[in-house]
Amino acid sequence: MEWWVSMPKIELHAHLNGSIRDSTLLELARVLGEKGAIVFSDVEHVIMKNDRSLGEVFKLFDLIHILTTDHKTVTRITKEVVEDFASENVVYLELRTTPKKNDSIGMSKQSYMEAVIEGLRAVTAVDIDFVPHKINTQDSLNSIAMNDACDGTRRKKTYVRLLLSIDRRETTEAAIETVKLALEMRGVGVVGIDLSGNPDVGEWNTFLPALKFAQEQGLYITLHCGEVPNRQEVQPMLDFLPQRIGHAIFFEEEEWRQLKTSKIPVEICLTSNIKTESISSIDIHHFVDLYNAKHPLVLCTDDAGVFSTSLSNEYKLASTTFGLGKREMFELARNGIEFIFAGDDVKQYLVGAFDSAAKKLN
Ligand code: 5GP
């Protein structure tokens with residue numbers, strides 16, 4: 001097994017519906033095609049297209065949502081996505097998704113999220129820990145021993161935590177509803193709020209009341225920030241002091257300075273940024289500047305299905321493009337422990353898992 005696959009990894013920026021397998025998407029499209037709800041041949045080439053601009057990606061998401069937004073399918077894709085990440089030795093996964101309402105099928109934001117939780121419960125390929133609880137030391141040591149073996153002979157364990165996304169198309173009231181739901185679902189692994197959706201849509205002030213409320217209530221917050229040039233937004237977002245931000249592409253000099261001073265960790269999504277042409281070439285990606293400045297950062301997939309990538313692939317890509325060795329990549333992955341939205345007990349477990357894997361690094 002290649003080192004980028006076998007090494008333990010932490011995924012902190014993965015959208016549920018963007019991480020769906022192509023095969024599942026095609027199967028769902030075929031079924032809807034047979035029912036006459038869509039024309040399969042029209043949809044097939046849209047799904048299989050490889051490179052898309054950011055605008056085209058959001059059109060694809062509208063199509064994906066038509067195919068996936070029913071309770072059974074949400075449960076299925078959650079199970080598959082978690083199993084896919086676990087199969088490449090992701091030991092801690094923060095999965096984010098936008099709770100959706102669809103009256104015509106009796107779906108509320110809450111029932112959507114219950115279907116997600118059902119998906120976590122349905123995972124069989126690995127042991128999943130998604131409900132926050134105190135780990136006793138012996139359990140912790142036993143689980144590290146289990147996770148120690150990335151050789152497929154013993155059962156692995158993956159921590160999963162959920163972030164609820166506010167879509168930039170939503171109103172202030174809808175955003176507050178999502179935050180309230182997150183608070184109600186704290187006992188089943190929901191730990192924070194993400195602001196995402198088409199960055200050309202919506203205004204910061206619309207979401208601010210909901211984000212402030214979330215912050216006051218102690219939820220963790222991550223924001224998609226600087227995905228498109230928007231001088232009105234980047235600075236207020238940084239001033240807000242979220243626990244992390246995603247992407248950070250279109251920053252002015254002063255904003256880079258503010259980011260570096262603030263030490264807000266950045267979720268870096270290399271393949272996503274290149275495929276959407278947000279960055280013209282990988283060698284000029286801001287990963288290099290942030291890495292050299294020792295700014296907190298973590299490699300992530302964004303939408304493993306939509307961009308045909310995996311977290312292992314992102315590590316391989318960073319290593320080959322930026323000339324970083326196996327040990328440096330291992331350290332980079334391990335540093336991610338500091339930025340997870342979970343308690344010290346989980347962090348302690350992860351440190352143990354990485355320590356144990358480090359012994360096998362040669
Ligand atoms: P879902 O929340 O439905 O599980 O995952 C898909 C949704 O995540 C998309 O409809 C979009 O709102 C959000 N999303 C996925 N990828 C990106 C991205 O690269 N940028 C932004 N801003 N939002 C994204």
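This is a predicted model: local features need pLDDT of at least 70, side-chain atom pairs count only at pLDDT 80 or more; totals for chains, interfaces and linings use all residues.
Partly exposed, as used here, means a relative accessible area between the 20% under which a residue counts as buried and the 50% over which it counts as exposed.

**Salt bridges**

The whole structure holds 22 salt bridges.

| Salt bridge | Closest N and O atoms |
|---|---|
| D84 with R21 | 2.8 Å |
| E94 with R244 | 2.6 Å |
| R168 with E233 | 2.7 Å |

Take D84 and R21, a pair whose closest N and O atoms are 2.8 Å apart. D84 sits in helix 5 (residues 71–87), while R21 is in the loop between strand 1 (9–15) and helix 2 (22–34), so their bridge ties together parts that are 63 residues apart in sequence. Why is D84 called partly exposed? Because its relative accessible area is 29%, and that value falls between the 20% and 50% cut-offs. R21 also has 29% relative accessibility, so R21 counts as partly exposed too.

Next come E94 and R244, which form a salt bridge with their closest N and O atoms 2.6 Å apart. E94 belongs to strand 2 and R244 to strand 7 (residues 244–247), so this pair ties together parts that are 150 residues apart in sequence. Buried or exposed? Both E94 and R244 are buried.

R168 is in the loop between strand 4 and helix 8 (172–184), and E233 is in helix 10, which puts the partners 65 residues apart and links distant parts of the chain. R168 and E233 are buried as well.

**The cavities**

E233 turns up again inside the protein. The search of the whole structure gives 2 cavities of 30 Å³ or more, and the largest cavity has a volume of about 80 Å³. Its lining is made up of 13 residues, with P199, H224, G226, E227 and E233 lying nearest the centre. Strand 5 (190–196), strand 6 (220–225) and helix 10 (231–239) each give at least two residues to that lining. By type, the lining of the largest cavity splits into 5 nonpolar, 5 polar and 3 charged residues.

In soluble globular proteins, nonpolar side chains tend to be buried together. Here, the largest nonpolar core has 113 residues, and I193 and L211 are the ones with the most contacts inside it. Helix 4 (residues 54–68) contributes the largest share of this core, 8 residues. Which residues does L211 touch, leaving aside neighbours within four places in sequence? L211 is in contact with I166, I193, L195, W204, I221, L223 and F240.

**The largest pocket**

Helix 4 has a part in the largest pocket too. This pocket has a volume of about 440 Å³. It is lined by 33 residues, of which F58, F61, S196, G197 and N198 are the closest to its centre. Helix 4, strand 2 (90–97), strand 4 (157–167) and helix 12 (270–275) each supply at least two lining residues, and helix 4 gives the largest share, 7 residues. The pocket lining divides into 8 nonpolar, 16 polar and 9 charged residues.

Terms used: Residues are numbered from 1 along each chain as its sequence is written. Side-chain values use heavy atoms; hydrogens and water are left out. On a 1 Å grid over the protein atoms alone, a cavity is a set of points where a 1.4 Å probe fits but cannot get out, and a pocket is an open set with protein on both sides within 12 Å along at least five of seven lines; lining residues have an atom within 4 Å of a point. Grid points are joined across faces, edges and corners, and a volume is the space filled by probe spheres set on the points. Helices (H or I, at least four residues) and strands (E, at least two) are DSSP runs, numbered from the N terminus. Ala, Val, Leu, Ile, Met, Phe, Trp, Tyr, Cys and Pro count as nonpolar, Asp, Glu, Lys and Arg as charged, and the others, Gly among them, as polar. A nonpolar core is a set of buried Ala, Val, Leu, Ile, Met, Phe, Trp, Tyr and Cys residues joined through side-chain atoms within 4.5 Å. Buried means under 20% relative accessible area, exposed over 50%, partly exposed in between (1.4 Å probe, protein chains only). Contact means heavy atoms within 4.5 Å. A salt bridge is a side-chain nitrogen of Lys or Arg within 4 Å of a carboxyl oxygen of Asp or Glu.
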